[in-house]
Amino acid sequence: MALIVQKFGGSSVANAERIKRVAQRVVDTKRKGHKLVVVVSALADTTDDLLALAAQITDCPSEREMDMLLATGEQVSISLLSMAIQKLGEKAISFTGPQVGIITDKTHTKARILDINTDRIDAALKSGHIVIVAGFQGKTVTEEITTLGRGGSDLTAVALAKALKAKHCEIFTDVDGIFTADPRIVSDARKLNQVSYDEILELASLGTQVMQSRSIEVGKKFDVPIYVRSSLNHSEGTLITKETQKMEDIMVSGVALNQNEAKITIFNVPDKPGVAAKIFKIIADHHINVDMIIQNKTETRTTDISFTVFKNELKRAMEAVWKAAKAVGAENVSCDENIAKVSIVGVGMKSHSGVASKMFGILAKNKINIDMISTSEIKISCVIEGNKGKKAAQVIHKEFGLGKNK
């Protein structure tokens, strides 16, 4: 009997009918002879509703209390799914993250998993139960409730698959798999049958909503095969796996558009060793994630430093940046929320030349100016004006022949 970990997102358990449909799918898999651990997110929009409710109370809630609040969402969905499975005649039992021994560090709202004690899951599986686990949550060694950040249920599922030595991990969503671009933005986006860990890690970090980037990091580190599939049909989906020669033959695999970042610029920073380190140390101490960074030297022995952060962290980021600017003697700070980041990704970029010029050329042809550029071995990202993001993604997708009728 193979052990499989399945994860169902909020849209898959959005209401009673969908929960029943998921229960039937889980039971069908169990009756094929598999042992099952099922990770479930909160019902669709529940987390957003809880965030909105907290915002009505205070505009600066304690991160500890936010974890206490948000962790309640998954408790609803796991219990309902367990009931639905029991009604279909199978044994099922639900557990919260803390109950199954998911131990994290002390960073509230985006904690990292340190260890998983699988004893309770192992015992339940041995007794014939389908085990339902709340995604997105864990606890510290001092019994404090923590959450793993948005999309954290993916991380729960992949981490459990590794800890339990599962055959593979299945991530069920409301789409058929991973596409060459967001189909809501690029109408002829094509589903990929297979993608490498590195490619999807880049796509996830660039704003693709299919999976959380930290879950891919765990999958890659421990070689956990991950299937991304639709909960609404039985299509094969997309396999996330090790890089192969076949993948390297394709120059670009996908286009990503991220409209959830803002750009911060610190002006007239003293141009001397250790200043940048001091700035970003202060920002890091405030637990702010920084993405793209560029530095422009001037003729006055100062420099301007620009970088991007998530929009939902902009208020806290600006507070930290002003503190950093004063600490190093910089003159001013500004922010720009009207930006978009468009990126191309592909392991084949390592062995194909002219990719950057092709991307920059099509943007220029469409009169789209580039503000910032960031590259890696398999990625090129450009920050552009926010209202031109969708057009940029569409023309780049077409230029690289990624559509269904390529």
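Author: Two residues are in contact when heavy atoms lie within 4.5 Å. Please note that the model discussed here is predicted.

Reader: With which residues is Thr180 in contact, leaving aside its neighbours within four places in sequence?

Author: Thr180 is in contact with Ala189, Arg190, Leu192, Ser253, Gly254, Val255, His397 and Leu402. Thr180 itself belongs to the loop between strand 10 (178–179) and strand 11 (191–192).

Reader: Is Thr180 buried or exposed?

Author: A residue counts as buried when its relative accessible area is under 20%. Thr180 has a value of 0%, and is therefore buried.

Reader: Which residues of helix 1 and helix 4 meet?

Author: From helix 1, Ile19, Val22, Ala23, Val26 and Val27 meet Leu80, Leu81, Ala84 and Ile85 of helix 4. By class, this contact has 9 nonpolar residues, no polar and no charged ones.

Reader: At what angle do helix 12 and helix 13 pack?

Author: Helix 12 (residues 355–365) and helix 13 (residues 389–399) pack at about 130°, their axes 10 Å apart. Lys358, Met359, Ile362 and Leu363 of helix 12 make the contact with Ala392, Val395, Ile396 and Glu399 of helix 13. These residues divide into 6 nonpolar, no polar and 2 charged.

Notes. Residues numbered from 1 in each chain as written. Predicted model: local features only at pLDDT ≥ 70, side-chain atom pairs only at ≥ 80, totals over all residues. Heavy atoms only, no water. Helix = DSSP H or I, 4+ residues; strand = E, 2+ residues; numbered from the N terminus. Buried < 20%, exposed > 50% of the residue type's maximum accessible area, 1.4 Å probe, protein only. Nonpolar A, V, L, I, M, F, W, Y, C, P; charged D, E, K, R; others polar. Axes fitted to C-alpha atoms, helices over the stretch in contact; angles between N-to-C directions.
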